[in-house]
Each structure stands twice: as C-alpha cells, then as structure tokens.
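Open the structure in your viewer and keep the selection tool ready.

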Amino acid sequence: MDCAVITGAASGIGRACALRLAATGATVALLDVDGASGTRRDIEERGGRAAEYAVDVTDDDAVRDVIGALPGAPRVLVNAAGIIVRKKLLECSVEEWRRVVDVNLTGYFILLRHVIPAMTAAGGGSIVQIASIAGHTGYGFSSYTAAKGGVLALTKQLAAELAGHRIRINSVSPGVVESGLNRDTLGNQAIRSATVDNIPLGRLGEPDDIARVVAFLAGPESAFVTGADLVADGGMISTIHWGEAGAQLHSFHAEER
Ligand SMILES: NC(=O)c1ccc[n+]([C@@H]2O[C@H](COP(=O)([O-])OP(=O)(O)OC[C@H]3O[C@@H](n4cnc5c(N)ncnc54)[C@H](O)[C@@H]3O)[C@@H](O)[C@H]2O)c1
C-alpha cells in the first residue's frame with residue numbers, strides 16, 4: 001500500500017492537505033509534535049485511512065524511525081510544519097533565529113533525507129514544500145523570510161537532483177491564510193482589515209485554498225511540473241502597494257484626460 005506523508009498535520013494548511021489527500025483515497029501519515037488525533041478522527045469518520053505520529057520534525061532519529069514504520073511506501077510528501085517569530089532582525093535572539101530556521105528549513109531537509117530513499121525504492125513520487133510569499137518579498141519577519149527563501153531555493157535545486165529518482169518536487173507559496181500560525185494577529189480587527197485591503201481577491205485565504213493547490217502538485221495532473229513555485233495569495237504579491245501615491249497617480253491622470 002502507498003501512503004502520503006504530511007508534516008504539520010494537526011492544524012491549518014497541513015491538516016487541510018491531509019483531509020484532501022485522504023479524500024482522494026490515499027492512506028495518510030500525519031506527523032506533528034503532539035500527534036494529530038483530531039485530523040485522524042475526522043479522516044476516519046469520512047471513511048479515509050490515516051496513521052498519526054507525535055514527532056518533532058527537527059529530531060533526525062525520531063523522523064527516521066517514523067519513516068521506517070509507515071503504513072505503506074511514501075509516494076507523496078507534504079512538508080508543512082512551521083513556526084514564526086514576529087521580530088525584526090535586531091530584536092531576534094540567536095536561539096529564536098536558530099529555532100525558526102531549524103523547524104522551517106532544516107526540518108524540511110530532515111524529512112527529505114529520510115523520505116527520498118523510500119520514495120525512490122517505491123518507484124518515485126511527488127514532494128510539495130509549503131514555502132510562503134514571505135520568501136519572495138520580504139513580507140514576513142527576518143528569520144521566517146530567510147527560512148522560506150531557503151525552501152524556495154532548495155526546491156529548485158532538488159528538481160534536477162531528484163528527476164532521475166522519478167521524483168517531482170515543487171513548492172507552494174501561500175499568502176495570508178487563517179490558521180493557528182496567525183490566529184493572534186488576525187484576531188486584531190485593524191490588522192485583519194488592513195491585510196484584506198491588500199489582497200486583490202478581497203479575502204483571506206483558507207487552508208483548503210492551499211490544500212487544493214497541493215493536491216494538484218501531488219497528483220498526476222501536474223506530471224510535467226517540477227521545480228516550480230505556485231503562489232496562492234489572492235493576488236497579493238502581483239500588485240505593488242502604492243497606497244496614497246497610487247490614488248494620487250490615478251487622479252492626476254484622470255484630470256489630464
Ligand atoms: N498561515 C499563513 O498565512 C501561511 C502563509 C504562508 C506560509 N505558511 C506556512 O504554512 C505551513 C503551515 O502553517 P499553518 O499556517 O497551517 O500554521 P499552523 O500553526 O496552523 O500549523 C502548523 C503546524 O506545524 C506544527 N509544528 C510546528 N513545529 C513543529 C515541529 N517542530 N515538528 C512537528 N510539527 C510542528 C504545529 O504543531 C502545527 O500543527 C507553515 O510552513 C507556514 O510557514 C502559512
């Protein structure tokens with residue numbers, strides 16, 4: 001039996017990916033620090049198959065043991081476990097920097113290094129890495145932005161390296177999605193409406209908006225896609241935020257006409 005491995009599966013985007021992949025018939029292996037019993041229960045109630053593992057993605061030995069005990073050969077990996085520290089560079093301690101890079105980038109590496117040999121032995125597969133628009137634009141905070149930029153670069157690097165293993169690897173860069181990661185900040189109404197004002201589609205993302213893109217990249221519909229990043233942000237980084245200058249520019253040219 002084949003399976004799909006999903007990290008960060010207890011909450012938000014990882015959880016939505018698990019539900020969507022399970023609905024396609026995949027057996028899903030749910031990895032999260034304290035397990036993912038809620039996600040497992042929801043999948044099983046809908047008739048799907050899931051196994052859960054309480055594991056820290058930065059723990060190389062523990063991840064090796066989990067990958068060695070999966071319910072089937074891994075044909076899909078979704079690297080989604082992540083944390084954020086909302087501090088500017090000079091406010092960030094070395095410990096905070098290391099933890100963010102450790103979970104968001106080294107944790108992805110640790111999963112890759114244990115899953116790739118098993119996926120290769122099974123005949124190949126598809127890997128999807130959750131990056132962020134922060135890795136493209138510097139929208140986020142320094143440690144987070146640097147880690148996500150690393151995920152984008154690593155994904156491109158691995159496309160050629162893994163092609164010979166019959167493995168495709170792509171990333172998805174979400175915009176602002178309501179999840180555990182930003183529940184606190186989006187609970188602030190001023191921040192929430194200022195954020196939505198900057199999203200051309202006029203709403204925040206939902207975890208399933210990202211899961212649908214992940215399911216496309218994980219499945220056969222994207223058979224010729226590798227090394228790509230798919231931005232799913234409601235148009236946020238496709239527009240330069242001109243603010244008041246933009247409004248003045250438009251009225252200036254309107255007066256000219
Ligand atoms: N929410 C957004 O706006 C947004 C935007 C861009 C990218 N992302 C990325 O999406 C991914 C999923 O985040 P989310 O928004 O769903 O947040 P979330 O907090 O809802 O989910 C993250 C999950 O990762 C798990 N996790 C954290 N550290 C871990 C560790 N060391 N080992 C195992 N599991 C760990 C958490 O327990 C949690 O269940 C992250 O990589 C995040 O950076 C989120």
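A nonpolar core here is a set of buried Ala, Val, Leu, Ile, Met, Phe, Trp, Tyr and Cys residues joined through side-chain atoms within 4.5 Å. Keep in mind that this is a predicted model.

**Stop one: the core.** Select Val28, Val78 and Ile130. Of the 32 residues in the largest nonpolar core, these touch the most other members. Now colour the elements that each give two or more residues to this core: β1 (2–7), α1 (12–23), β2 (27–32), β4 (73–79), β5 (125–130), α6 (142–163) and α9 (207–218). The largest share, 7 residues, comes from α1.

Zoom in on Val28. Beyond four places in sequence, Val28 touches residues including Ala4, Ile6, Ala18, Leu21 and Ile43. Apart from this core lies another, of 27 residues, among them Val55, Val57, Ile110 and Leu158.

**Stop two: salt bridges.** The count comes to 14. Select Arg40 and Glu52: their side chains meet in a salt bridge, 2.7 Å from N to O. This pair links distant parts of the chain, with Arg40 in helix α2 (residues 37–45) and Glu52 in strand β3 (residues 49–54). Arg40 is partly exposed, at 26% relative accessible area. Glu52 is also partly exposed, at 26%.

Next, select Arg64 and Asp61. This salt bridge spans 3.4 Å, N to O. Both residues lie in helix α3 (residues 60–68), about one turn of the helix apart.

Then pick Glu96 and Lys87, whose closest N and O atoms are 2.6 Å apart in a salt bridge.

**Last stop: a network.** Select Arg20, Arg203, Asp208, Asp209 and Arg212. Salt bridges link these residues in a network.

Technical notes
Residues are numbered from 1 along each chain as its sequence is written. This is a predicted model: local features need pLDDT of at least 70, side-chain atom pairs count only at pLDDT 80 or more; totals for chains, interfaces and linings use all residues. Side-chain values use heavy atoms; hydrogens and water are left out. Buried means under 20% relative accessible area, exposed over 50%, partly exposed in between (1.4 Å probe, protein chains only). Helices (H or I, at least four residues) and strands (E, at least two) are DSSP runs, numbered from the N terminus. Contact means heavy atoms within 4.5 Å. A salt bridge is a side-chain nitrogen of Lys or Arg within 4 Å of a carboxyl oxygen of Asp or Glu.
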